[in-house]
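Subject: Handing over the structure

Hi,

Here is the structure I promised to pass on. Please open it and keep it beside you while you read.

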Amino acid sequence: MYKNIIIVGGGIAGMAAAAALSEIGMEVTVLEREKLPGGHVRSWDRLFPTLRAAKEVLDFLNKSLGLLTEIICDIEVGSIVPTPGGYTIHCTNGDIFTTGCLVLATGYDLFDARKKEEYGFGIYENVITSADLEKIFREGNQVTTCGGQVPRRVGIIHCVGSRDEKVGNIYCSKVCCVTGVKQAIEIRQMLPDCEIFSFYMDLRMYDRHFEELYFEAQQKWNVNFIRGRLSECAENPDHSIILKTEDTLTGHPLKLTVDLVVLLVGFVPGSSARKITGSLGLLQGTDGFLLPADEHTAGNRTLLPGVFLAGAVKGPACVVDTIADGRATAVEVYRYMKHSEVAK
Amino acid sequence: MINFNLFVLPFFLGLIYVVFAIGRSWYRWIRSLPASDKVRLTTMFRQPRQVLLALGEVCTEALLHRRMWKRNPLLGYMHMSFALGWFLLIVCGNLESRYYSGSHLNAPYYPIFLKFFIHDRLVIFFEVFSVPGFFRFLMDLLLLFVLSGLVLAMVKRKRSKWFGLKRTAEFQLTDVVSLTCLWLIFPMRLLAESFTAGYYGSGGGFLTQSLGNLVMTVMPFTSEYIPYSMWWGYSLVLGLFFITLPYTRYMHIPTEVLLIFFRHAGIRPKKWYSGFSDAEVLACSRCGVCIDVCPLNEAGIVDAQAVYFIRGLRDQYVPESVSRMCLLCGRCQEACPVGLHTDSLRLIKRRELVSGQETDFSWLASAAPGPVALETRHIPRQAEVAYFAGCMSHLTPAVIRSMRRIMDQAGINWVQLDEDGSVCCGRPLMVAGKDTQASQLMEFNKNQVLATGARLLVTSCPICYRVFREDYNLPVRIQHHSQFILDLVKTGKIPLQAHFRKVAYHDPCDLGRGSGVYEAPRELLTKIADLVEVGQDAHNAQCCGGSLGIFTATQEQRNDMAAAALDVLLENQPEVLATACPLCKKTFAKQSPVPVKDIAELVCDAMPNPVYCSASGQSRRAGSYAT
């Protein structure tokens, strides 16, 4: 039996699991594809619903990793092969790891907004994604149009690539609604004269403080929420964007010109998880995300002995839930290792 | 000697019945044709050339089964051996009977049961060189020919793959009855003739006489009732086959002949059910060729294929879901060996399903403002070229942008009809059977086109292209953008610089099979790219599954069809998948591992330093915004 635990993916789920495991005295190796751990959260500026800096959360996780955790960055897992008593991990750079216990925390990818061509991302320069906007915030830049002007009107489009059967994603990405509310407030904070129009199907303010944030956006920041799914974007000669939609509360078709459009892109199953699923034979849901052994009672275990799932590899999840899930995985791993030792 | 025996009655009565039944059907269908079609039919019979051409087609299709041969030689041979073999048996049998009776007029059953009445011994040594000997040889050869087809038909039921068919049509009870009769006819004839030849020791040819002699050697019999009972059996199965024929798929045999004459008279499918539709429905032989080519198979839909739909029409029961479960991609129509207009039949049924309470677009024609404020109400600017992108192209803005750039680059005076707010071309309503509503939209668009004074209408969407060509009756030239751009390239109006490697081209249904445009996009693409081969292309191209023609497929089923089409298209590892339809592009883009681009985008990418264009038609050189 190998004593070492390997966590594939050094995002917040992998970090939280590693921190919890090293705290209870277990040796952990984290394999991270990027140059630094932190995953998608590294790209976010402030987190909903409290608008605290994402960096603070990452710093906390980094500090809590402990001495028993080794993080190897800039390494990509090519395939994982089951071997007697454990698993062999083949990396694309030729490195090979063996382990008896494996945590998959490979996370998710963002929906490629170009697949929703009618929204014009990649075609019209004034159409950006929520991730692009976070980058602007994070780098401390001004929100401007492609011509460098301050936008007078910004359109925020919810559910891009989520709950959209036509692009093949029927599920809700959970975090976009509140991200849209958060980003609307942030734009208003930065540009007090800018009007914001948010187009939604329905707003799922399911978690603590979310509804309050939504009220704040309307009452304090005068963000306009319009219930209607965007049909298409067109570009004016001055590069401003015409939004064509329907206000489904009044029942009227609507055409609105804005200077900048932000598409709230959803979660899609991670490309790295798909690769590993193939070589390990893990189960996928109809949404393409990995399935645990039992979604109610064994949310972190899989049907393979010694293989665990942590975080958004199982589907869309917010930062709070992902960290909690990483820690929950640690408990499952600990139980498994103890039983293995007893058996030995 | 009186050539009559009681056993001929089942055959004789069956024959009388089937002739009467066919005659009655033909009379009804011809009577229910629209007056103009009746005129066409009578005009044709005054032109011997047309009649000859029709007869020629009857020979090549109803007898030789040329199109079946093209599909699969084994399948072609099987159908031909039945049709041609049986036909020649009748013709030669008649000639043979004339030799014996010395009369041109014989009872219809006489040639069929000739060997029952005639079993004389030939005294010539090389009997095949005598007239009766030659006929005996020929008739046995023909019987063998038909029997070989029968063996193939039996093999086909178990090994349809050998005949190029993965799936075959499911049978109804009546089909089973008449199929059994049909299959029994020729073995019964063989047995009856052989046993008779064996019993009398003469009268048979190389096949029947040899078999008869063999029987007499192996198990000699003395009772003449043994061969006699076989003649009864032969007559009974023939009679039963004839009586069931008008109610089974074998009605296709006489109907196809009439249909060929209809077509040669210039009769075309109508918007509503007519005698022509009846002829098409009854001419379906349920060969099942349309089953395999149907993209619905890929989505696990196995009850809505043309053969089942047409059977439903014949039984006067088609579930609404089956009428609406069709991509109208035209693949079955292309493959049908009988040349049935399967799409038109489906549309006729859909028109019948439309209720009286539909959206009314008549406000478009009036000056009063309608429910939607339409900027396009303003009379569009005068221009040489009117560009109609189409609703689907509005979902692929890269296509519209490329077209604008190309037209600006070529220095064309153009105007976009649906730049800001548009009215649908009408075809989506037409495929739903709502022709009245469609015509309201068409009237509006027609006026828009005419108001521009343009001599050429260009559309990016094959769906619009098809309806503009087929239904608008516009006095201007209509081109799909692939044809239009090709002309611009040929006249040197667009310089092309870049060259792409490995591009696969997908034929959109409405452009290819629907409008016959296969070459223009290919010619254009070869100027800017290396085309890779696609397994099923042109007439045989797969549908992307995104069709507006289907109403009852789920998104998942559509995805399955797209995935199957992509498998074929990407077989030779292209780097780019090109198409010429915004709907195909959108459908493939969400699933394709390689980029999917419209032909206009590729041309635009291949242009050196393209001018950046703005919607209003004012141009400026590509600046920092150009991507």
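Below is what I found, taken topic by topic.

**Confidence**

Keep in mind that this is a predicted model. The predictor gives the complex an ipTM of 0.84 and a pTM of 0.86. Chain A has an average pLDDT of 93, and 98% of its residues score at least 70. Chain B averages 89, with 93% of the residues at 70 or above. In chain B, pLDDT falls below 50 over residues 368-373. That stretch has four contacts in the model beyond near neighbours in sequence. Residues 612-627 of chain B also stay under 50. For them the model has 24 contacts beyond four places in sequence.

Where is confidence lowest and highest in chain A? The lowest is helix α6 (residues 271-280) of chain A, with a mean of 82. The highest is strand β18 (residues 260-265) of chain A, at 98.

**Chain B as a whole**

Chain B has 28 helices and ten strands. Its C-alpha atoms fill a box of roughly 105 × 50 × 45 Å along the principal axes. Of its 627 residues, 49% are buried. Take the contacts in chain B with a separation of 6 or more: residues 24 or more positions apart account for 74% of them.

**An enclosed helix and an exposed residue**

Look at helix α13 (residues 275-282) of chain B. Eight of its eight residues are buried, so the helix is largely enclosed by the rest of the structure. Among them are B:F276, B:D278, B:E280 and B:L282. What covers these buried residues? The cover includes α1, α2 (35-44), α12 (252-264), α15 (306-314) and α18 (342-353) of chain B.

Now go to B:L6. It sits in the segment before α1 (8-31) of chain B. Is B:L6 buried or exposed? It counts as exposed, because it has 8 C-beta neighbours inside 10 Å, and the cut-off for exposed is 12 or fewer.

Strands of a sheet pair through backbone hydrogen bonds, either parallel or antiparallel.

One open sheet has four strands in the order β2-β1-β3-β4 (chain B), with parallel pairing. β2 (414-416) and β4 (477-480) of chain B stand at the edges. Each has a single partner strand, so one side of each is left without a neighbour in the sheet. The twist averages 25 degrees from one strand to the next. Strand β1 (residues 385-388) of chain B is joined to β2(B) by three bridges. There, B:Y387 has B:Q416 as its bridge partner.

Two helices of chain B pack on this sheet. Helix α23 (residues 462-471) touches β1, β3 (456-459) and β4 of chain B. Its direction makes about 160 degrees with that of β4(B). Helix α24 (residues 481-490) touches β3 and β4 of chain B, and its angle with β4(B) is about 95 degrees.

The other open sheet runs β6-β5-β7-β8 (chain B), again with four strands in parallel pairing. Its edge strands are β6 (529-531) and β8 (596-598) of chain B. Neighbouring strands here are turned by 45 degrees against each other on average, direction ignored. Three bridges join β5 (residues 500-505) to β7 (residues 576-579) of chain B. B:V503 has B:V576 as its bridge partner. Helix α27 (residues 582-589) of chain B packs on this sheet and touches β7 and β8 of chain B. The angle between α27 and β8(B) is about 170 degrees.

Strands β7 (residues 86-91) and β8 (residues 96-99) of chain A pair in the antiparallel sense over four bridges. A:T88 and A:T98 are bridge partners. β8(A) has a covered face, A:F97 and A:T99, and an uncovered one, A:I96 and A:T98.

**Cores and the contact between chains**

The largest nonpolar core has 271 residues. Those touching the most other members are A:A17, A:L104, A:L263 and B:Y387. A second, separate core has five residues, including B:M68 and B:F163.

The contact between the chains takes 17 residues from chain A and 16 from chain B. The chain A side has six nonpolar, four polar and seven charged residues.

Best wishes

Note on methods
Residues numbered from 1 in each chain as written. Chains lettered and ligands numbered in written order. Predicted model: local features only at pLDDT ≥ 70, side-chain atom pairs only at ≥ 80, totals over all residues. Buried ≥ 20, exposed ≤ 12 C-beta atoms within 10 Å, placed from the backbone. pLDDT = per-residue confidence, 0-100. Contact = placed C-beta atoms within 7 Å. Core = buried A, V, L, I, M, F, W, Y, C linked by C-beta atoms within 7 Å. Pairing = 2+ DSSP bridges. Axes fitted to C-alpha atoms, helices over the stretch in contact; angles between N-to-C directions. Nonpolar A, V, L, I, M, F, W, Y, C, P; charged D, E, K, R; others polar.
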